[in-house]
Amino acid sequence: MKSNSEGLIIDGVVAYIDRDNIDTDQIIPTEYLKSIKKFGFEDYLFDGWRYKDDGKLGVTKDERVIDENFILNKNPFNESKILLTRDNFGCGSSREHAVWALRDFGIKAVIASSFGDIFYNNSFKNGVLPIKLEKQEIDFLFDQTQQKVLELSINLQKKEINYGEKTISFHVEKHLLDRIIYGLDDVDITLKEKDKILDFEMTRVEERPWIFK
Amino acid sequence: MKTLYDKLWEEHHVTQLDSGESLLYIDRHYLHEVTSPQAFEGLIKKNLKPWRLNANIATPDHNVPTTRGNNFNSESITDEISKIQVVELDKNCNKFGIKQFDIESNKQGIVHVIGPELGFTIPGMTIVCGDSHTSTHGALGCLAMGIGTSEVEHVLATQCLKVSKLKNMNVRFEGEVDEHVSSKDIVLYLIGQIGTAGGTGYAIEFSGSYISSISVEGRMTICNMAIEAGAKVGLIAPDNKTIEYVKSKSFLDDDTFNQAKEYWKTLKSDDDAKFDKEITIDVSKIKPQVTWGTSPEMVLNYDESIPTVFDTKDENKKNVELARDYMGIENETKLSDLTFDKVFIGSCTNSRIEDLRQAAEIVKGKTIASNISEAIVVPGSGLVKEQAENEGLDKVFTDAGFIWRDPGCSMCLGMNPDQLKPYERCASTSNRNFEGRQGYLGRTHLMSPIMAAYTAIIGTIGDPYEI
């Protein structure tokens, strides 16, 4: 992400996958969930579509049979920071590995008409911005991708996508966006409320003792 | 004026943060080997310990082989990478003192099966786990949801979840079903109607005369798949059946249990509660459901024609085309035209004793079809396995040609040795028919244990009303 006088900007070429309901099993198949690390998932993003062979954890991109037709294997989309897709992106499993794979590949923003709830929440914790747009706006952007290599500039503070003369505004909760802008750690924030949690817990132990047996 | 979800939310609400989000107190946290290692690593890095040890219960399930036999331990796993993850769970649980039903325990099993059956899930709790099928526990009147690994770390460290409130949806199932229809068909039908994003942003309460009429296990199957309708929370108000079920599993002393029971009776939506969305479904018209494509919403009555691009609306043509292609559907027009290779009865959706009884009833005295190369039954836990064996169900299955396995997630997902080979077609009682879910290029058709049992015997999707 870069910053200019107007705020934080994510910009560049938009990679696009014209499908609804891309589930987290497609974003990263279960085989790679065997890793006990939090990084190093870039080669496994969209594994089933990106390669023509079956992969294993630890086998890198260079050892695989690449599907040249898949967008992330094509220049300049292999360097994209922005992914455009359609409805219900990230539905299915709660695996945070899906966001880690996008992040490790270099994706900083995903634009879709809707997202799976758990994926949406996981994204903000890992510096990936999910942007919800109206279906007509998604249609418009897909139309543009068919005419040229689409480049967008996303201004985080202004919550705007800029494309030539056109500006598309998007909504995102401030507290979620702040997590990306300031890289906030949830555990640190919550532990500031330690006394309140302890008080709550003590009352609960008295009122609902069966929970604590 | 309050819904059950509202009541559970208020009951666990610790405080509202400056950001507008709330801290919800978490009563129970389940852990398994896949989504916990990075969370423990984070905890160690921050030099923190679990906030309340006895809130946490762990078991390995995703990676474990289901052909273990005797004297098997974590070190016996032959897949080196899977072994690391299971051993890592052992290490983390030992290090922090978290109660684990490890691979050697006769109580090990799929986390969503063992939680309720060991009495750790009781009504009115908030329950989380790094697994989207945590919604299962909502069947006992809990506010239960799947979380990511960052949140697993957060719950370990703070005993709270930082969340915003969901909207309320009420799905009322009314009427009676016929003998071939089970709760799996009901939830698949719902997903077919509202789509896999239909419940996104909602907590879905399931109610109505049908819900009252079914067992707690049947209710678990419905709440389990709330997430396949997009809702991370599915829940059902506890009734006398729930209380009897919980009593039969409980480790609480009688006084505490009776005290709890009085509170549990208050856990229901008020008559005048306001839901943001309400749906009523007449279940008497629902037939056995089978998925044909690569999303749970691509579901049909067992005897319906498979959609083609020609009979599909424009906006959905591409989805249908891609799904038909992946599923290897060419000239076949009906599900009964497809030839199956494997049958899987198991998963957190359908591996409880009732599921196994229903399937066994159908296969009893019969033999699996010659085109079925492998049919496996994977009980959800050590206790389910033991119960089934006491009832002789294992023998019914093996006599018919099924293989009887040890508990685990098994073929629901390709993390352990139970996987489809490329292009194999499987009748599966699991919850997701996503591309590659059961193995690279594998083809999954979701259905009930009853329909999977019929498919094993016939070799394709048969008409249960003619058999």
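Start by selecting α2 (residues 37-45) and α5 (residues 149-158) of chain B: α2(B) passes α5(B) in a right-handed crossing. Helices here are DSSP runs of H or I with at least four residues, strands are E runs of at least two, and both are numbered from the N terminus. A crossing is right-handed if the near helix is turned clockwise from the far one by less than a right angle, and left-handed if anticlockwise. The two axes come within 8 Å and cross at roughly 50 degrees, which makes α2(B) oblique to α5(B). Axes are lines fitted to C-alpha atoms, for helices over the stretch in contact, with angles from 0 to 180 degrees between N-to-C directions. Under 35 degrees counts as roughly parallel, over 145 as roughly antiparallel, 65 to 115 as roughly perpendicular, and the rest as oblique.

Now show the residues that meet. From α2(B) pick B:Gln38, B:Ala39, B:Gly42 and B:Leu43, and from α5(B) pick B:Thr149, B:Val152, B:Glu153, B:Leu156 and B:Ala157. Being in contact means that the C-beta atoms, placed from the backbone, lie within 7 Å. Sorted by class, this contact has five nonpolar, three polar and one charged residues. Nonpolar means Ala, Val, Leu, Ile, Met, Phe, Trp, Tyr, Cys and Pro; charged means Asp, Glu, Lys and Arg; the others, Gly among them, are polar.

A word on what you're looking at: this is a predicted model, where local features need pLDDT of at least 70, side-chain atom pairs count only at pLDDT 80 or more, and totals for chains, interfaces and linings use all residues. Residues are numbered from 1 along each chain as its sequence is written, while chains are lettered from A and ligands numbered from 1 in the order in which they are written.

Next, select α6 (residues 183-194) and α8 (residues 216-224) of chain B, whose axes come within 8 Å and cross at roughly 25 degrees. These two are therefore roughly parallel to each other, and their crossing is right-handed. B:Ser183, B:Lys184, B:Ile186 and B:Val187 of α6(B) meet B:Gly218, B:Thr221 and B:Ile222 of α8(B). By class, that gives three nonpolar, three polar and one charged.

A residue is buried if 20 or more other C-beta atoms lie within 10 Å of its own, exposed if 12 or fewer, and partly exposed in between, with C-beta atoms placed from the backbone. Zoom in on B:Val233: its contacts include B:Tyr5, B:Leu143, B:Met145 and B:Ile204.

Stay in chain B and jump to B:Ile110, in the loop between β5 (99-100) and α4 (111-117). Buried or exposed? B:Ile110 counts as buried, because it has 31 C-beta neighbours inside 10 Å. Among the residues it touches are B:Asp61, B:Cys348, B:Pro407 and B:Cys409.

Compare B:Asn47, in the loop between α2 and β4 (56-58) of chain B. B:Asn47 is exposed, with 6 other C-beta atoms within 10 Å, and has a positive phi of about 60 degrees although it is not a glycine.

Over to chain A, which has eight helices and eight strands. A:Phe46 sits in the loop between α1 and α2 and has a positive phi of about 50 degrees, again without being a glycine. A:Phe46 is buried, with 22 other C-beta atoms within 10 Å. Then find A:Pro76, in the loop between α2 (47-50) and β3 (82-84): a cis peptide bond joins A:Asn75 to it, with omega about 5 degrees.

Now colour α4(A), where eight of eight residues are buried. Those residues pack against α1, α3 (97-105), β5 (129-132) and α6 (174-182) of chain A, together with β7 (143-146) and α5 of chain B.

Last stop: the contact between the chains, with 48 residues from chain A and 59 residues from chain B. On the chain A side, α8(A) supplies the largest share, five residues.

Technical notes
Contact = placed C-beta atoms within 7 Å. Lists of a residue's contacts leave out its neighbours within four places in sequence.
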